[in-house]
Amino acid sequence: MLEAPAEPRGALRAGWSGLAGAITFLTIVPVGGGGDVRRAAGWFPVVGAAVGALSGGVRAGLQPVLGAPAATVVAVMALVIVTGALHQDGLADAADGLGVRGDRARRLAAMRDSSIGVFGALALIGWTLLLV
C-alpha cells in the first residue's frame with residue numbers, strides 16, 4: 001500500500017526541531033529544543049561549524065586590539081563557554097580513565113568521578129596549549 005507523501009510543513013518542522021535539539025545538546029544557547037537526539041545528530045556538523053565560526057570570529061575581531069596570543073585565549077574561552085565545556089569534560093574524563101592503573105571497573109569509576117584527576121588536568125592543559 002502506498003503512503004501519502006509527508007506534508008512539507010511537517011518535514012520542515014521536524015528539520016528545524018532537529019536543529020534546535022542539536023543547538024540545545026551541544027551548546028548553552030537556550031532555543032527551547034531538546035527532543036530526539038537521533039533527529040538532532042544530523043545537525044551536529046552544522047552546529048559545530050557555527051561554534052567554530054563564532055570562536056574564529058572572536059579571535060579575528062580581537063586580534064587587532066589585543067594581539068594574537070590574547071585574542072586566541074579569549075577565543076578559546078568563548079569556545080568553552082558556548083559549549084558549556086562539554087568536550088573538555090569528556091576529554092578530562094577520558095584521560096583520567098586511561099591514566100588510572102587497574103582493571104576496567106577502576107577505570108570506569110575514575111571516569112565517572114566528578115573531580116578531575118592529574119591526567120585529566122594535563123590533557124586540558126595540553127589541549128589549551130595546542131590551541132594557543
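**Exercise 1. Determine how α3 and α4 are oriented relative to each other in this predicted model.**

Solution. Begin with the packing geometry: α3 and helix α4, residues 68-83, pack at an angle of about 150°, and their axes lie 8 Å apart. Next, apply the cut-off, by which angles over 145 degrees count as roughly antiparallel. The two helices α3 and α4 are therefore roughly antiparallel to each other. Finally, consider the handedness: the crossing in which α3 passes α4 is right-handed.

**Exercise 2. Identify which residues of α3 meet α4, and describe the contact by class.**

Solution. On the α3 side, the residues are V51, L54, S55, V58, R59, L62, Q63 and L66. They meet A68, A70, A71, T72, V74, A75, V76, A78, L79, V82 and T83 in α4. Sorted by class, this contact of α3 with α4 has 14 nonpolar, four polar and one charged residues.

**Exercise 3. Which residues form the largest nonpolar core, and which elements give two or more residues to this core?**

Solution. First, list the members: the largest nonpolar core has seven residues, namely L19, A22, L26, A40, V47, V51 and V82. Then assign them to elements: α1 (8-26) and α3 (44-66) each give two or more residues to this core. The largest share, three residues, comes from α1.

**Exercise 4. State how many helices and strands the protein chain has, and what share of its residues is buried.**

Solution. The protein chain has seven helices and zero strands. Of its 132 residues, 22% count as buried.

Technical notes:
Residues numbered from 1 in each chain as written. Predicted model: local features only at pLDDT ≥ 70, side-chain atom pairs only at ≥ 80, totals over all residues. Heavy atoms only, no water. Core = buried A, V, L, I, M, F, W, Y, C linked by side-chain atoms within 4.5 Å. Buried < 20%, exposed > 50% of the residue type's maximum accessible area, 1.4 Å probe, protein only. Helix = DSSP H or I, 4+ residues; strand = E, 2+ residues; numbered from the N terminus. Axes fitted to C-alpha atoms, helices over the stretch in contact; angles between N-to-C directions. Parallel < 35°, antiparallel > 145°, perpendicular 65-115°, else oblique. Left-handed = near helix turned anticlockwise from the far one by under 90°. Contact = heavy atoms within 4.5 Å. Nonpolar A, V, L, I, M, F, W, Y, C, P; charged D, E, K, R; others polar.
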